[in-house]
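Reader: I'm new to this one. Can you walk me through it, starting with the pockets?

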Amino acid sequence: MSRRTFPQREERHDDTLAFICRFTDRRTGGPYAPRGRHAIFRLKLAPLSATLLLAGCSGPHNWLSGAGREAMRIEALFWPLLIGAGLIWTAVMTLAVVAYRTAEKGGTERQVRAYVVWGGVVFPAVVLTGLLATGLLTLRGIAAQPAAHTVAVDGEQWWWRVRYEGPEGPVVSANEIRLPRGETVRFELTSDDVIHSFWAPAIGGKMDLIPGRTTQLTLTPEKTGSWGGICAEFCGSAHAQMLFRLVVMEPEAYARWLADEARPAQATGPGLEVFLDEGCGACHSIRGTKAQGPVGPDLTHFAGRETLGAGIRPVSRTALRNWIRYPEAIKPGVRMPGYPDMPDARLDRLVDYLMALK
Ligand code: HEC
Ligand SMILES: [Cu+2]
């Protein structure tokens, strides 16, 4: 069989695939069989896994942060599980070795069978039953809780539509969810297109968003701060760029913020004309203006948010300019057209206006 070379691009972008091809081909003498070192040494996943591990242990996605009551309960389950699993693994392996030795040294079949039955059947069955019961109890404690208020979240390709119950009707926002500290909130989750999954590791979770259904998740944030959230179910090309922020505030600050958020847009200026002229209003709403498009994120208080593009860029003039000109370059697959030819002066006016939407 002739040796094809592994495609360069794929090699760089999909180390796992490359690894599997090389690994299986090494055994079968197939086309991707590696020269020289064993396939496993070519696996370049080590730095990646280390990064992921470290990323999980710090920063806004840290699920061991104790920033939410549900996250803490899961954490309380995690450590006994991890340590227990380690101990059990060691014990069972020891027993296996002892059983093997006993057999080798001519132990009777009864002796060997005793090790297998007690160490391999009875012990795991008892431990796993205990763990299952603990897990189910924890789950029940997390699931069934009365909530002080509700936030509706719709998954969209590839951003989050957020609706609060404002003082006078619903308040719509996007990609950022504000919550009062110490109060239990019920998320009502649904999707407009495909299945997404709502996950804010630091506070707790996760729960799928399913088209045609409403799923629920209750969370109780315990620490103020800004925490990261992600879509945890592959939902299309820009899935990895579908992030959100969970901003936990003191209850009084939250109430003030919500009242403010419920107001129509305060900004005016020539940029609004540009916005309407360019047709942005066909997709985006700015409450208090003629722009009432339901397709994209509500922009009424856009500049009051921390990020744009569903958590992938900070809200800044530069990021916003680039986003309007080349959204596809920032987020491949994005459902917003770019405006690469908009004259600078016009773009500046538009950006001035959007940055004033606090
Ligand atoms: C065809 C519909 C459509 C049009 C027209 C459109 N957008 Fe968008 N826009 C979207 C969608 C969809 C998103 C969400 C993209 C994502 O994050 O995946 C978006 C995102 C944005 C965001 C980021 C919002 C946030 O909070 O993350 C801004 C700002 C924005 N658009 C401004 C504009 C401006 C200014 C125009 C006109 C020059 C415009 N858009 C035209 C559909 C559109
Ligand atoms: Cu997704």
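Author: First the term: on a 1 Å grid over the protein atoms alone, a pocket is an open set of points with protein on both sides within 12 Å along at least five of seven lines, and lining residues have an atom within 4 Å of a point. A volume is the space filled by probe spheres set on the points, which are joined across faces, edges and corners. This is a predicted model, where local features need pLDDT of at least 70, side-chain atom pairs count only at pLDDT 80 or more, and totals for chains, interfaces and linings use all residues. Residues are numbered from 1 along each chain as its sequence is written.

Reader: What volume does the largest pocket have?

Author: About 570 Å³. Its lining has 33 residues, and His 284, Gly 296, Pro 297, Trp 323 and Met 336 lie nearest the centre.

Reader: Which element gives the largest share of that lining?

Author: H9 does, with 3 residues. Helices here are DSSP runs of H or I, at least four residues, and strands are runs of E, at least two, numbered from the N terminus.

Reader: And which domains does the lining draw on?

Author: Domain 3 (149-262) and domain 4 (270-355) each supply at least three residues. The bounds come from an automatic or database domain assignment.

Reader: Where does the second largest pocket lie?

Author: Domain 2 (69-143) and domain 3 (149-262) both give residues to its lining, so the second largest pocket lies between them. The second largest pocket holds about 310 Å³ of space. It is lined by 17 residues, with Leu 139, Ile 142, Ala 143, Gly 205 and Leu 217 closest to its centre. H6 gives the largest share, 5 residues.

Reader: Changing topic: where is confidence lowest in the chain?

Author: In helix H1 (residues 8-13), with a mean of 42, while strand S4 (residues 176-180) is highest at 97. That is pLDDT, the predictor's confidence in each residue, from 0 to 100. The chain mean is 85, and 83% of residues reach 70 or more.

Reader: Is Asn 175 buried or exposed?

Author: Buried, at a relative accessible area of 5%. Buried means under 20%, exposed over 50%, partly exposed in between, using a 1.4 Å probe and protein chains only.

Methods. Chains are lettered from A and ligands numbered from 1 in the order in which they are written. Side-chain values use heavy atoms; hydrogens and water are left out. On a 1 Å grid over the protein atoms alone, a cavity is a set of points where a 1.4 Å probe fits but cannot get out, and a pocket is an open set with protein on both sides within 12 Å along at least five of seven lines; lining residues have an atom within 4 Å of a point.
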